[in-house]
Amino acid sequence: MIRVFTEGHDYYYEVADILANYCRRDDIEFVKEKVPAAGRSLFVHSMLNPHPDGVDLQCSITGDGGTVTKTDRFRPSRGDKLEIRKQYKRYVKHNLLKAAEEFFDKSLPWGILTGIRPVKMIHKLMDQGLGEEDIKKHLTDFYRLAPKKVRLGLEIARTEREFILPYDPQKVSVYISIPFCPTRCSYCSFPSNDISRWSGFTDAYVECLTDEIRAAAAALKERGLTCDTVYIGGGTPTSLSLSQLERLFESVGQNFIDSGTREFTVEAGRPDTLDRRKLELIKECGATRISINPQSMNFSTLERIGRKHTVQDIIDAFEMARRVGHSNINMDIIMGLPGEDEGMVANTLEHIGDLKPEGVTVHTLAIKRASRLHEEVAVVDWVNEEEVEAMMQRTSGYLKSMGMKPYYLYRQKYMVSNLENIGFCLPRYEGIYNMQIMEEKQTIIALGAGAASKLVYLSEDRLERKQNPKSLQHYLDRAGDIAAGWRETIPRL
Ligand code: SF4
């Protein structure tokens, strides 16, 4: 148990975000009394004191082994109340992390960048006109990143800027959610529905979705906005029947794709949903990029995570996709799946090396509350943090030897270790949508059940979120209102 007393601030979320790297989140308790640690618990006292010359910070951590205290003084740069509050939060995290690193003798690879998008901060510093040396120093000294994460973050930011600049408020990207899968994977936390149980609703879903597509596209057109990239994800979009996919692609083509659209991705995630005709249709409808996602090329793991297909099925689907002309194929894999060791990861990589996809997205397992694995925490044979890190290093080295480079990155809460998810690809095969959604400089119009839009107001440096109902039934029940809502939402952009 860690008891925390804050003085001069109420940044509980930020304090918990740092401390959760040193203990379970549930073991952090914020207290009102400035009392020393009693019994076996640790006590943290975090203090912030603004004054005319700047802000003083002090953090003390006390435990059986004694007390570590760190003090800092900062001078905030100009800004409105909100901006100053953001700066104060960072100061509190910096000051607390310094004390925690010494007290627990453990540093955090991403320092105080505990959020999902560490590269976003690097873009912000670049946008402010800082040179790389200044950014490196800032990331190391203030944000407290490990040098290897500084190098990785900068490499990715440089690549991304070739694709996301100049920021253009007249362009949006579109995400379309197909929340159906053949079975539910044990680690899944997405709003995905078992197609065999919901097959009676898929026609209605496609109808409601195409209505929403038409309504959103009409509002975009009225406002003079055009579509940069389209991403059809889920779920597994190819769980739909051929005729349903035909209707969907026709609607997407008519409403969103024009000569300025740079990318059209379709997730063809699971081989048990693919056949030659579907792959041909995806190609004919102008998709420029597909993703076939094995997660692992070990049959015992596929069985264990609830997949109903074999390794050979993945190979066959990939080769069929090549034969019908798909020339930009991504594959997703996961590090840290229960029961896997480095040898099994090496086997997955060998298969990937033989298939030669243009991109591989490497995830680190995250156990979200909505997943089945979360309920099985006590009985699963987890891979430990060091092993996952070794797997990640091996994978990164292997993909680089295939000529790939990291091009986007994000982190998740509840990851098995303090790592990240990284998209690798051969040069010029970058997934532009992936970069746009992470860096949040372009509006994402997200359609369908569970889809979450991000409305970016570039000139005000802020974004609003708009969430469609996660429940399929609620989406179908409210479809008319949801489609009509775009007439109100888009003109505000
Ligand atoms: S394929 Fe993806 S969306 Fe579908 S159940 Fe598995 S993890 Fe979830």
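**Briefing: ligand shell, domains and aromatic rings**

The shell around the ligand is made up of five nonpolar, four polar and two charged residues. Here Ala, Val, Leu, Ile, Met, Phe, Trp, Tyr, Cys and Pro count as nonpolar, Asp, Glu, Lys and Arg as charged, and the others, Gly among them, as polar. This is a predicted model, in which local features need pLDDT of at least 70 and side-chain atom pairs count only at pLDDT 80 or more, while totals for chains, interfaces and linings use all residues. Residues are numbered from 1 along each chain as its sequence is written, and side-chain values use heavy atoms, with hydrogens and water left out.

**Ligand surroundings**

- The residues around the ligand are Cys 181, Thr 183, Arg 184, Cys 185, Tyr 187, Cys 188, Phe 190, Ser 192, Gly 235, Thr 236 and Arg 270.
- A residue is near a molecule if one of its heavy atoms lies within 4 Å of it.

**Domains**

- The protein chain is assigned domain 1 (1-106) and domain 2 (164-487), with bounds from an automatic or database domain assignment.
- Between the C-alpha centres of domain 1 and domain 2 the distance is 38 Å.

**Helices**

- Helices are DSSP runs (H or I, at least four residues), numbered from the N terminus.
- Helix H2 (residues 81-104) has 24 residues and should span 34 Å at 1.5 Å a residue, which agrees with the 34 Å between its end C-alpha atoms; the expected span is 1.5 Å times one less than the number of residues.
- Just after H2, Asp 105 has a positive phi of about 55°.
- Helix H14 (residues 385-401) contains Ser 396, which is buried at a relative accessible area of 19%.
- Buried means under 20% relative accessible area, exposed over 50%, and partly exposed in between (1.4 Å probe, protein chains only).
- Ser 396 and Ala 346 are 50 residues apart along the chain, and their C-alpha atoms are separated by 12 Å.

**Aromatic rings**

- Rings of Phe, Tyr and Trp (its six-membered ring) pair if their centres lie within 6.5 Å; planes under 30 degrees apart count as stacked, over 60 as edge-to-face and the rest as tilted.
- The count by this rule is 17 aromatic pairs.
- Phe 142 counts as buried at 11% relative accessibility, and Tyr 143 counts as buried at 3%.
- Phe 74, Tyr 88, Tyr 91, Phe 142 and Tyr 143 are linked into a cluster by ring pairs.

Note on methods
Helix = DSSP H or I, 4+ residues; strand = E, 2+ residues; numbered from the N terminus.
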